[in-house]
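Have a look at the model below before reading on. My notes are meant to be read with it open beside you.

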Amino acid sequence: MNRIPHYINGKRIDSSLRTAPVFDPATGTQSAEVVLASAADVADAVQAARAALPGWRATGLIRRADVFFRLRHLLTERRDELAAIITAEHGKVLDDAAGEIARGIENVEFASGLTNLLKGEFSEQVSRGVDVHQVKQPVGVVGCVTPFNFPVMVPLWMVSSAIACGNTVVLKPSEKDPSAAVFLAELFSEAGLPDGVLNVVHGDQEAVEAIIDHDEVAAVSFVGSTPIAQTVYRRAADRGKRVQALGGAKNHMVVMPDADLDAAADAAVSAAYGSAGERCMAVSVLVAVGDIADELVGKVAERIATLRIGAGTDPNSEMGPLISAQARDRVAGYVAGAAAAGATVVVDGREARFDSAGYFIGVSLVDHVRPGMKVYDDEIFGPVLSVVRVGSYDEAVRLVNANEYGNGVALFTRDGKSAREFEFDIEVGMVGVNVPIPVPVGAYSFGGWKRSLFGDSHIYGPESVHFYTRSKVVTTRWPDASESQIHLGFPSNG
C-alpha cells in the first residue's frame with residue numbers, strides 16, 4: 001500500500017505510527033494510506049519552519065519573487081499531472097481539477113509582485129527634523145489548515161502570500177486527499193524555495209490542535225465548516241495568535257422576472273452541481289422572484305436530465321462522485337428530509353443508478369423550500385439545489401440578509417438599476433451580477449461576511465498581505481549634540 005508522507009525541511013518523512021486510508025471516490029477502493037502527525041511530528045515541522053525563518057526573512061525581495069516566477073512555470077508545465085492527482089483522490093472531473101489549478105496560479109502570480117505589495121510608507125519633516133516611515137514585516141511561523149474540496153487552490157491561496165511576505169509555513173491539508181500538498185511542496189523546492197520554509201504535515205484533529213497550540217506558531221489560517229472554524233478561531237485567539245477562519249456558506253442566486261431564464265438556468269445548473277456541489281461558493285438556493293418560478297424550475301429540470309455523471313477520469317463526465325460514502329449518505333438524507341418537511345422533490349438524485357461502487361449520487365432539485373427546513377438552513381455541501389419562491393425584490397433581499405451565512409450571492413437581471421441596488425443592499429461578502437460563482441480574481445480578496453468568516457482579514461489578495469505582515473512605524477531624528485535637553489512633556493509636533 002502506497003504511504004503518503006509528511007514533507008518537513010525539504011524531505012519526505014514517514015515516521016508516524018498512525019495512518020488513515022485514502023480512497024478513490026470513483027471506485028470506493030482504498031488507493032493509499034496517509035501518515036497522521038502526532039504533536040511531536042508537528043513540533044518537528046514547526047521547528048524546521050522556525051529555523052528557516054531568519055534566512056528566508058533576510059532573503060532579498062527579488063530573490064523571493066524569482067521563486068514564484070519559477071513556480072508558476074512549473075505549475076503550468078505539470079498541470080496535467082497535478083490534475084490527475086486531484087481527481088484520483090478527490091473525484092472531481094479532470095477539467096474541473098485543471099480549473100482549480102488555474103485559479104491557484106492566479107495567486108502565485110499575485111505573490112510574484114511582492115516587491116510592490118511589501119512597499120512601506122515614508123513621511124518627511126512631520127516635525128522639525130523628524131521623519132516617519134512604516135515597514136511591513138512577516139509575522140513568523142504560519143499554520144495553514146486547508147479543506148478537501150480544493151487540495152491545490154486553497155493551499156496556494158494561503159502559502160503563496162504567507163511565503164511571499166517572508167513567513168515560513170506549516171501546512172496541514174485534508175487527510176482525505178493529501179497527495180497534492182506534498183506535490184506542491186516539492187514544486188516549491190524545485191522552484192528554489194529553501195528547505196524548511198514550507199512544510200507539510202498530515203493529520204486529523206490532533207495535528208490541527210498541535211499547530212494552534214504551539215507557542216512558535218504566530219498566525220493560523222483555516223478553511224472548513226462554520227462550527228470548526230469558530231472553534232479554531234476561539235482557540236487560536238485565546239492563545240494570542242493572529243487568525244483567519246473561513247467557515248460555511250449558503251449561497252443564493254436571485255433571478256429577477258426580467259432575467260434571461262435560459263441563461264439563468266444554465267448558470268444555476270453549472271454553479272449548483274459542478275464538483276458535485278462540494279464548493280463553498282456553490283449555488284445552493286435558487287430564489288425565483290415573481291411569477292417566473294414554474295418556468296425556471298422547468299428549465300433547470302430539463303438541463304438536469306442531460307447531465308453526465310461518472311468517473312472524473314472519463315472525458316465524457318461532467319460531474320464526479322462525492323468525496324466519501326458518508327458525504328453521499330448525508331446528502332441523500334437531506335433530500336429525504338426535504339420531502340418529509342413538505343418541500344417538492346422535482347428531481348431526486350437518490351434514484352440515479354451507477355455501475356460502480358464509488359461514492360456517486362445523482363443531482364437533486366427541490367422546490368417550495370422555506371427557511372426552517374433543514375434543506376434550506378444547513379450547508380449540505382452536495383449536489384442539491386433548493387428553490388425558494390418570493391414575491392418581490394425586497395423579499396429576496398430580506399431572505400438573503402436574514403441567512404446566517406454571507407459568503408457569496410448572485411443576481412440575474414437585465415436591469416442595471418436593480419443590480420446597483422442589490423450590490424448596495426445585500427449583506428454578503430462576494431456578489432455576482434449575472435455571474436453565478438463570484439470568486440474574485442487573485443488581485444482582489446476572497447472572503448464572506450457573518451458566520452462565513454471569523455477574523456477580520458480575507459484569505460488572498462491585498463488583505464492577505466495585511467494578515468501575513470505586521471506594520472512597524474519608525475520615527476527618526478538626527479539632532480546636533482547641542483540640541484539635547486531634558487523635557488518631560490508629552491511629545492508633540494511642531
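Here are my points, taken one at a time.

1. Ground rules. This is a predicted model, in which local features need pLDDT of at least 70 and side-chain atom pairs count only at pLDDT 80 or more, while totals for chains, interfaces and linings use all residues. Residues are numbered from 1 along each chain as its sequence is written, and side-chain values use heavy atoms, leaving out hydrogens and water.

2. The seven-stranded sheet. Start with the open sheet whose strands run in the order E15-E16-E17-E14-E13-E19-E20, with mixed pairing. Its edge strands are E15 (344–347) and E20, each pairing on one side only. On average, neighbouring strands here are turned by 20 degrees against each other, direction ignored. About the labels: helices (H or I, at least four residues) and strands (E, at least two) are DSSP runs, numbered from the N terminus. Two strands pair if DSSP finds at least two bridges between them.

3. Strand E19 and its neighbours. On one side, E19 pairs with E13 in the parallel sense over four bridges, and valine 255 has phenylalanine 412 of E19 as its bridge partner. E19 also pairs with E20 (residues 430–433), again parallel and over four bridges; there, valine 409 is partnered by valine 431.

4. Is E19 enclosed or open? Five of its five residues are buried, so E19 is largely enclosed by the rest of the structure. Buried means under 20% relative accessible area, exposed over 50%, and partly exposed in between (1.4 Å probe, protein chains only). Gly408, Ala410 and Phe412 point one way, Val409 and Leu411 the other.

5. The crossover. E19, helix H15 (residues 416–425) and E20 make a right-handed β-α-β unit. Right-handed means that, with the strands pointing away from the viewer, the path from the first strand over the helix to the second runs clockwise.

6. E14 and E17 pair in the parallel sense over five bridges, and valine 287 stands opposite valine 388 in E17. H15 packs on this sheet, touching E13, E19 and E20, and its direction makes about 165 degrees with that of E19. Contact means heavy atoms within 4.5 Å; axes are lines fitted to C-alpha atoms, for helices over the stretch in contact, with angles from 0 to 180 degrees between N-to-C directions.

7. Helix H10. The expected span is 1.5 Å times one less than the number of residues. Among its buried residues are Leu261, Val269 and Tyr273, and the cover over the buried residues includes E13, E14, helix H11 and E19. After H10 comes serine 275, with a positive phi near 55 degrees.

8. Helix H2. This helix (residues 61–77) has 17 residues and reaches 25 Å from first C-alpha to last, close to the 24 Å expected. Its buried residues include Arg64, Phe68 and Leu71. Helices H1, H3 and H4 are among the elements covering the buried residues of H2.

9. The three-stranded sheet. Finally, find the open sheet with the order E1-E5-E4 and mixed pairing. E4 and E5 (residues 29–35) pair in the antiparallel sense over six bridges, with valine 34 in E5 as the bridge partner of alanine 20.
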